[in-house]
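Here is a short report for a reader meeting this structure for the first time. Please look over the sequence and the model before reading on.

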Amino acid sequence: MAVIFSDRREAGRRLAGELVRFAGRDDVTVLALPRGGVPLGYEVAQALKAPLDVFVVRKLGVPGHEELAMGAIAPAGIRVLNDEIVSGLAIPPHVIDAVAAKEEKELLRREHLYRDGRPPPQLNGRTIILVDDGLATGSTMRAGIKALRKNHAAHIVAAVPVGSPDTCDAMRADADEVVCATTPDPLLGVGRWYVDFSQTSDEEVRALLARSVPKPAASEEELAGHASAGPAPGTRST
């Protein structure tokens, strides 16, 4: 099975090639879901000449199987549950509440650490490109979109380099646009589509945010070159 991306930074450059139409616009903000979405968001923001910030969303993992998402939480008290997982595993409300309380503390810790005293970005009336390193169940992306709606974003683009075909299709009910650069079927886990899928550190997140002053927007030819580099089965943009 072919591996598509060498690492998150390369995946971000490829993803930027699918977002050419947003380059150089003054109404666009790139928001990355930390931690794994930040290296991609950095590359997208640099290519599009757009400001970059983080939008902290925390997955609610099933106790004992934390990689399996039963839902997610986002700022402003947003909680999104994966009903199929919750009902299928008969997870009681008090367990969900306990996991959510723990993750709320981590969400606040990361907000404080990554912002370093900076105020949250202005989202009202803006076009938001919400970036992550992949879509499996889509819980964290969906929670982020719901929170952005509450903050009156004008147009929300969910953008990932790789995702489950079914999840990418279902996400259209939540986002105004969905860009899944590759949609292998079956997905078999986001990490399978990277050579290096090592965890992104808090230090790397802070460093990329500090370096994220936009450069001149890449030309359409340069962005298109990133999009067409290498094999990319199942490209979808809706």
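Which residue does a disulfide join to Cys168? The partner is Cys180, with an S to S distance of 2.0 Å. This is a predicted model. One disulfide is present in the structure. A disulfide is a covalent bond between the sulfur atoms of two cysteines.

**The link**

Cys168 sits in helix H6, which covers residues 165-170, and Cys180 sits in strand S8, residues 177-182, so the bond ties together parts that are twelve residues apart in sequence. The link of Cys168 and Cys180 is left-handed, with -105° about the S-S bond.

Are the two cysteines buried or exposed? Both Cys168 and Cys180 are buried. For Cys180, the relative accessible area is 1%. That value makes Cys180 buried because the cut-off is under 20%.

Val162 is 18 residues away along the chain, yet the C-alpha atoms of Val162 and Cys180 are separated by 5.8 Å.

The two distances can be set side by side.

| Pair | Atoms | Distance |
|---|---|---|
| Cys168 and Cys180 | S to S | 2.0 Å |
| Cys180 and Val162 | C-alpha atoms | 5.8 Å |

**The whole chain**

The chain has eight helices and nine strands. It contains 238 residues, and 51% of them are buried. Among contacts with a separation of 6 or more, 71% come from residues 24 or more positions apart. The accessible surface is about 10,700 Å². Carbon and sulfur atoms account for 53% of that surface.

Note on methods
Residues are numbered from 1 along each chain as its sequence is written. This is a predicted model: local features need pLDDT of at least 70, side-chain atom pairs count only at pLDDT 80 or more; totals for chains, interfaces and linings use all residues. Side-chain values use heavy atoms; hydrogens and water are left out. Helices (H or I, at least four residues) and strands (E, at least two) are DSSP runs, numbered from the N terminus. Buried means under 20% relative accessible area, exposed over 50%, partly exposed in between (1.4 Å probe, protein chains only). Contact means heavy atoms within 4.5 Å. Accessible areas come from the Shrake-Rupley method with a 1.4 Å probe; for residues, only the protein chains shown count as cover. A disulfide is a pair of cysteine sulfur atoms within 2.5 Å.
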